Amino acid sequence: MSNIKTTTVLAISGSLRSPSFTEKMLDSLLEGMGEVEVYKFYPHKMKIGPCTSCWSCWQGKNKGECIQKDDFQSIYAVYKKCEYFIIAAPVYVFGFPATVKNVMDRLFVNMESSQILMENGLTNHPQRYTPKAKGVLVSSCGFPDMENFTLMSEHFKKFMMHIGLTWAGEILIPSAGAANIPHLLDDNLEAVRKAGAELVNGTISPETRRIISDVPISKNDYREMATASFKGGLSGRAKTIAIGIKAMRAKGKKKRV
């Protein structure tokens, strides 16, 4: 019998779309991580009630346990033992989709009913379980501007700090609609796989994160393509294809330089 410990990854796949580009990003990251044991959960397909702030997990006979016996328990069981905690979710109105935020809220059960001072001078609750895990955010956005990730990114970092996990990087791709242009984002996804390899050796490097976010289509062309796609019809489809061909040609010329 082997005594080699399997690395446990808790992955929350929060895109409600199918097929999902955000999940494709997540799967590319996991591929790059190599031989790991992945527990992937889809909150929107599970029965997970919202935290009701009843404080039952802080008091009485239910202390340390959520009074709601639903599918969150399976996520929490993996959370207690994971080495990596990955949340993959597209930007929904500058933040997390409600079903993902719901999972984050339910980790209230992991907090003790007291307040302490952290080393950084901020106030926190002690955690019942603090896995020595690295946290990574994976996200895509339908707008071409990186600024749209700001709130989600800061929220995730704050969340990691307060639950005692180590922030190890983020995988962010704007202009996600460009994924509909065949092979345009192949290099970006290859960089995501590289990020997975970097992650198991420490943290995702700033340079790799930059390459991942560098989508090979101008913001103006992307806006025109997205608008044409929303418009639909033959003219919208024709314009979308034309802009896609232009982007692929530009990418090819850039590689040859």
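Colleague: Let me start with a cysteine: why is Cys141 called buried?

Modeller: Cys141 has a relative accessibility of 5%. Buried means under 20% relative accessible area, exposed over 50%, and partly exposed in between, with a 1.4 Å probe and protein chains only, so Cys141 counts as buried. Please keep in mind that this is a predicted model, where local features need pLDDT of at least 70 and side-chain atom pairs count only at pLDDT 80 or more, while totals for chains, interfaces and linings use all residues. Residues are numbered from 1 along each chain as its sequence is written, and side-chain values use heavy atoms, with hydrogens and water left out.

Colleague: And Cys54, what makes that one partly exposed?

Modeller: Its relative accessibility is 41%, which falls in the range between buried and exposed.

Colleague: How do you know how many disulfides the structure holds?

Modeller: A disulfide is a pair of cysteine sulfur atoms within 2.5 Å. The sulfur of Cys54 has its closest cysteine sulfur in Cys57, at 6.4 Å, which is too far for a bond. The structure holds zero disulfides.

Colleague: What makes Asp145 and Lys219 a salt bridge?

Modeller: The rule asks for a side-chain nitrogen of Lys or Arg within 4 Å of a carboxyl oxygen of Asp or Glu. For Asp145 and Lys219 the closest N and O atoms are 3.2 Å apart, so the pair qualifies. Asp145 sits in the loop between strand S6 (134-140) and helix H4 (150-163), and Lys219 in helix H7 (residues 219-231), so the pair ties together parts 74 residues apart in sequence. Helices (H or I, at least four residues) and strands (E, at least two) are DSSP runs, numbered from the N terminus. Asp145 is partly exposed at 27%, and Lys219 is partly exposed at 43%.

Colleague: Lys251 and Asp187 also form a salt bridge; are these residues buried or partly exposed?

Modeller: Lys251 is buried, with a relative accessible area of 12%, whereas Asp187 is partly exposed at 36%. Their N to O distance is 3.6 Å.

Colleague: Why is the separation of Glu207 and Arg210 described as about one helical turn?

Modeller: They are three residues apart in helix H6 (residues 206-213), so about one helical turn separates them. An α-helix has 3.6 residues a turn, so residues three or four places apart point the same way. Glu207 and Arg210 form a salt bridge with N and O atoms 2.8 Å apart. By this rule the count comes to 14 salt bridges.

Colleague: What makes a group of residues a nonpolar core?

Modeller: It is a set of buried Ala, Val, Leu, Ile, Met, Phe, Trp, Tyr and Cys residues joined through side-chain atoms within 4.5 Å. The largest nonpolar core has 37 residues, and Phe72 is one of those that touch the most other members. S1, H2, S3, H3 and H4 each supply at least two residues of this core. Apart from it lies another core of 35 residues, among them Ala176, Ile181, Tyr222 and Met225.

Colleague: Which residues is Phe72 in contact with, beyond its neighbours within four places in sequence?

Modeller: Contact means heavy atoms within 4.5 Å. On that basis Phe72 is in contact with Lys47, Ile48, Val103, Arg106, Leu107 and Val109, leaving aside those neighbours.
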